[in-house]
Amino acid sequence: MSTLNVDTIDMGTVVDHIKAGKGGKVLEILGIDKDYKHRIALVMNVASKKGGTKDIVKIQGKIVDDKTANLIALISPGATINIIKDEKVSKKFRVELPEKLDGLGTCPNPNCITNIEQCKNSFTKVDGANYRCHYCERKFQADELA
Ligand SMILES: [Zn+2]
């Protein structure tokens with residue numbers, strides 16, 4: 001049984017199992033702001049069946065693509081993405097930290113060449129949840145890149 005109540009959305013995305021407190025950041029990554037025209041639900045600090053608390057966001061009218069899913073993974077690995085079409089879950093997957101990030105994320109080092117010149121970011125996962133910037137070779141936590 002799913003704990004998700006998706007009946008308020010007929011086409012869109014539900015992101016579940018977001019790390020508690022990160023739901024707002026997920027909306028930011030998805031480019032949702034006060035000008036967004038469709039319904040959005042941000043549910044924070046709800047009890048998770050897995051223990052602890054979680055955030056959930058439901059967005060009518062927006063289908064999350066794989067690239068964006070990778071960004072969500074940076075701040076909340078293990079979150080689940082549910083793509084809703086015709087009021088049904090048409091696709092469901094867990095976001096995982098990718099081995100490599102190309103053209104995604106931002107290097108937190110202000111002196112990094114990627115922040116000075118327009119060039120494509122590239123990060124490689126070095127351990128657990130850390131990434132190394134291909135250009136300045138500094139190591140960062142995944143959520144610093146989002
Ligand atoms: Zn860098």
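This is a predicted model: local features need pLDDT of at least 70, side-chain atom pairs count only at pLDDT 80 or more; totals for chains, interfaces and linings use all residues.

Biologist: What share of the 146 residues is buried?

Modeller: Buried here means under 20% relative accessible area. By that cut-off, the buried share of the 146 residues in the protein chain is 40%.

Biologist: Why does the radius of gyration agree with a compact globule?

Modeller: A compact globule with 146 residues would have a radius of gyration near 15 Å, so the value for the protein chain agrees. The C-alpha trace spans about 45 × 35 × 25 Å along its principal axes. The radius of gyration of the protein chain itself is 16 Å.

Biologist: Which elements make up the protein chain, and in what order do they run?

Modeller: Happy to list them: there are four helices and nine strands. From the N terminus on, the order is β-α-β-β-α-β-β-β-α-β-β-β-α.

Biologist: How many residues does each domain bring to the contact between domain 1 and domain 2?

Modeller: Domain 1 covers 12–94 and domain 2 covers 100–145. Taken over C-alpha atoms, their centres are separated by 24 Å. The contact takes six residues from domain 1 and eight residues from domain 2.

Biologist: And how far apart are the centres of the positive and negative side chains?

Modeller: The protein chain carries 23 positive and 19 negative side chains. The distance between the centres of the two sets is 3 Å.

Notes:
Residues are numbered from 1 along each chain as its sequence is written. Side-chain values use heavy atoms; hydrogens and water are left out. Helices (H or I, at least four residues) and strands (E, at least two) are DSSP runs, numbered from the N terminus. The radius of gyration is taken over C-alpha atoms; the globule rule is 2.2 Å times the number of residues to the power 0.38. Buried means under 20% relative accessible area, exposed over 50%, partly exposed in between (1.4 Å probe, protein chains only). Lys and Arg count as positive and Asp and Glu as negative; His and the chain ends are not counted. The place of a charge is taken as NZ of Lys, CZ of Arg, CG of Asp or CD of Glu. Domain bounds come from an automatic or database domain assignment. Contact means heavy atoms within 4.5 Å.
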